[in-house]
Amino acid sequence: MFIFPLRLFIQALLSVSCFVVLAYASWCPYHYVQPTNQQFEQKTERFWEFNEQTNSWVEVELPYDLVSCVNDNCTKVGSISRITKEGEFKKERKSDVPKQRESLKKKDGYGGQEENSDMVLPLRKRISLTKMSETSIWVTGESGSIYERFWNGVQWVVAPHDLPVFAGHATSVFIVNQTILALSEEGILYQMQLTENSQPIWVELTPTLNQSTDIEGEQSSEILIKSGAVSHDGVRVYFCTRNGTLLELNEVDPPRWVNHGRPPGANVAAIADAATIRTEVVYTISSIGDLYEYDRSSKPSWKKHIWREKTGQDASLIPSMGYTLHGLSGDYSISLFLLTKGGSLVERRLHQRKWKWVVHGSPKDQHLTSITPILQDELNEKFISMFLTTSSGSIYEYQIPKQTGIAQENHIPDAWVSHMHPLHAKAARGIAGIQFYPGRILFPLDDGRLAELHLPGLGGENAGPTYQVNVRRKASTKYIWSIIDAPETEGWNAEYCTEERGPINCMIGIKDDSNGIGIMRPMTRRRKGSQEQAYLPSGASGSDPMKAMAEYNSPDNWINTNFRLRLMHGGRSFFLITDGGLTFEYLYTENVWLWLRHDHTTAIRGALGNYNGSLYVVDTYGSLLIRERSSNDLEWINCTALRKGRQVIGGPPWDGMPGRSMRVTVEDAMFFVSKTGRLLQFTVALRKFKWKDCRNPPNTKVASIVDQEMFRENIVFVVGRNGRLYQYNKVTELWHDHYQSQHLILSRFPGTAMRPFLLSLTGSLFMLSEDGGLVEYHWNTLDGWNWVEHGTPYKGVTLVGSPGPCFEGNQLFLIGSDGKVYLRYMDHMTWRWKSCGFPYMGNIVDENQRQEEDRKEEICVDEDFAASMEMNSENLNDLSGNCDSKVASTRPIPFSDDSVVFELRDGRLAEMQRIEGTHWVWSRTIGTPTSFCLVNYWTASAS
């Protein structure tokens, strides 16, 4: 984000775009003529800046430094200060210098500002909570998935209930008269039904209106639904349609629809109350913020509630669900609590047959966005409470004294009680929570998880709906937070409970202390850390970004070392990028292996990915190119030349796991690392190419991608240039740090994900440390995240290059500094090392090889392969000056489910094959167009 000197900044404000917004007015003339002797005159103290990370405007604090950043070098070029009483600017004092430096850190281009408790959160439009019973909560996630969290008698488990793929994303669930309905993002309603085999399926429920109820001609076109609310008695459901009418479903089997139309001159944007105040009377809010009452038995049916009091405050309401209380101001009084667009709590009160508005306001400097209805019980004898969510993700409790018959229009001292938010997480903005048991309230979090606000000793993640007698809440008793994990669809770690999973304690409710799928495993030297701090908000690790930049710069051959080889079709084709920038494909066709050259006008530096038969490469200028087949021809596509295209230096390490088929979806995307250290998302599904800047963690730039959605769906793990691990959630678009010891510095190479069982989330990320040791970041349900250090195979041998590939979830290949291949594998629940050496060359046996023979270790060489090498020993001796069969640090590739290809130091390739189990042998060497050792191969040119 570039910030110009003050005068140039104001000129740009008027002539180009509104970057900082003034409080009183915002206008951009069509023509601007620069006057002479122009001076900037500050007339306000309220300014906003656009935060790219949240895609929203955030008010800045004065004094505010204007900073210009060019190539990551930031300098202060001006400032905006507070206005004194005389209208002059306050001069900068020495005491302001630390604040200026802090401001510079926030504007240095490292992905955005540090965590700000007052920052406005984005609106999550797909998240919702629906209570079926005290033991069953239905959730729609930001990913558009549906899952149920239910108590099976022993523990809480999670079950998936996603809509069909063709239906798209879900936005809400309605449970009416023991029928489950779901609303899709497209505005289509679905009903859950059971098949003959008692399997639940979703069936489209299309609104059908009789001609008599067709008020505004909706019968002729498809009716799309925007939102809805179930009536207070639970037997009807009211919907807002996308064209602003009120729709009622008063019977489900068979469906009976009634169209109630819309208010005269207005529309229905949200339902504020669904027959709670009076049966069959509905209160709605229009898009401009007016309150309407619909009563079919009265004439006219629609009535508008007008603000007659001169409150001097914002009277426009937020289109959202309200909260109704009976008897707050008397035995027959009714109160409907609503929120204004200005973020204040207001009340529409009916008392002694008269309506009036009462303004309750809001906590200081807080903007209220949603109300969580609470069932009033005997937990508190003095107060009636309601819980409200702010725009910054905090929860406030508003307490109203139980004083029947006394008007309560004045603010009560200390009426607003702040419950803040869970540690390292914020409540989702504008989404109401749900009370599923007295003293226990569930809130959706902005990062996709759930959080329970409960009284001490009454709730928590593992506490069931146990009925407790004589539980009284004192006014001074504070609530506490417990975070609840979400499924993998939201990028988190809660495991689904399905019939396929078996012993994970699904419906039966039998206590199962083990995961059932191999979580018992050895731990070598573990770095201890608090599991509560496994996920930290971006920037919480506190590392110095400028120091990280100074300590690390990518080597010139970084791309070629890590992306030199790329698998195209298992067992039939892979690509090789040469040092000279040529692209070759090793292809098996018509019973012959040959090298096929793919020419391009610029030199190619690396192969970054493979999707649906198309190869993604990067050239010497950083341009992302696609090599793909069009009809009978091959063509190149320059993706960087597309809209918002960027120059890249890296991509995902793997395109899939050996033995696991790729799943193609309509949201498929590839992730790349830009030259400036940002994470880029490139949508590739259905060839609807689109770039998206995912930015980078606030305290560092991205060095490489460790894993893209192999280990955890919707999560991209990266290593920062500071050597620390981060993750990006593509559903919530949030960055998280992972707890990591300050003494553990990761290398900047890509990593490898190992997930033994597709149906289990248990698995590991393998990376190398900066000192060349193997590091594992392991997850299982019982222990959560843990760091495990595997070290090196032998003393004096370090690991080089990138780890991988992995096979069967328990075998990992690595390359040593001595030019040998090492296998890290699990044998009877114990991690072991095996040296596979390098391909045998005639009678050439180096000292390290003799040491292995003295230790009587297994040499991984196929007998037929060794015999063929012996036959060519004379040629090998002649070419010994050009041949070096030790393994290079180039990242290898899995060629099939049972083979892996390495590059040798002399430019040749060598293949290892698995005989059985962990028994791997060198099977062949492959001559390449760039190697002078054994130069015998077929080559052709692809046009």
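Biologist: Which residues does G448 touch, leaving out those up to four places away in sequence?

Modeller: With neighbours up to four places away left out, G448 touches A486, E490, W492 and T732; contact means heavy atoms within 4.5 Å. Before we go on, please keep in mind that this is a predicted model, where local features need pLDDT of at least 70 and side-chain atom pairs count only at pLDDT 80 or more, while totals for chains, interfaces and linings use all residues. Residues are numbered from 1 along each chain as its sequence is written, and side-chain values use heavy atoms, with hydrogens and water left out.

Biologist: How far apart are G448 and T732, in sequence and in space?

Modeller: They are separated by 284 residues in sequence, yet their C-alpha atoms are 6.8 Å apart.

Biologist: Why is G448 called buried?

Modeller: Buried means under 20% relative accessible area, exposed over 50%, and partly exposed in between (1.4 Å probe, protein chains only). G448 has 11%, so G448 is buried. Its place is in the loop between β31 (440–444) and β32 (450–454); strands (E, at least two residues) and helices (H or I, at least four) are DSSP runs, numbered from the N terminus.

Biologist: How many helices and strands does the protein have, and what share of its residues is buried?

Modeller: The protein has seven helices and 65 strands. Of its 943 residues, 55% are buried. Among contacts between residues at least 6 apart in sequence, 53% join residues at least 24 apart.

Biologist: What makes a set of residues a nonpolar core?

Modeller: The members must be buried Ala, Val, Leu, Ile, Met, Phe, Trp, Tyr or Cys residues, joined through side-chain atoms within 4.5 Å. The largest such core has 65 residues, and F337, L345, M386 and M767 touch the most other members. Strand β27 (residues 383–390) supplies the largest share, four residues. A second, separate core of 30 residues includes I559, L608, L624 and V716.

Biologist: Which residues does F337 touch?

Modeller: Among them are L345, V346, H360, I371, M386 and I400, again not counting residues up to four places away in sequence.

Biologist: Is S704 buried or exposed?

Modeller: S704 has a relative accessible area of 1%, so S704 is buried. It lies in strand β48 (residues 702–708).

Biologist: What lies 3.3 Å from a polar atom of the side chain of S704?

Modeller: That is the backbone oxygen of F749. A polar contact is a pair of N or O atoms within 3.5 Å; within protein, one must be able to donate a hydrogen and the other to accept it, and residues adjacent in sequence count only if both atoms are side-chain atoms. At 3.3 Å, the S704 and F749 pair is inside that limit. S704 also touches W558, V673, V718, V719, R748 and P750, among others.

Biologist: Why is the pair of F682 and W691 called tilted?

Modeller: Rings of Phe, Tyr and Trp (its six-membered ring) pair if their centres lie within 6.5 Å; planes under 30 degrees apart count as stacked, over 60 as edge-to-face and the rest as tilted. By this rule the count comes to 39 aromatic pairs. For F682 and W691 the centres are 4.7 Å apart and the planes are at 45 degrees, so the pair is tilted. F682 is buried at 0% relative accessible area, and W691 counts as buried at 5%.

Biologist: What makes R891 count as lying over the face of W654?

Modeller: A charge sits over a ring if NZ of Lys or CZ of Arg is within 6 Å of the ring centre and within 35 degrees of the ring normal. R891 lies over the face of W654 at 4.7 Å from the ring centre. R924 lies over the face of W593 at 5.0 Å. W593 is also in a cluster that ring pairs form with F574, F584, Y586, Y588, W595 and F895.

Biologist: How do you know whether L686 is buried or exposed?

Modeller: At 61% relative accessibility, L686 is over the 50% limit and therefore counts as exposed. L686 is in the loop between β46 (679–683) and β47 (690–693), and its phi is near 55 degrees, a positive value in a residue other than glycine.

Biologist: And what about A275, buried or exposed?

Modeller: A275 counts as buried, at 8% relative accessibility. Its phi is near 60 degrees, positive in a residue other than glycine.
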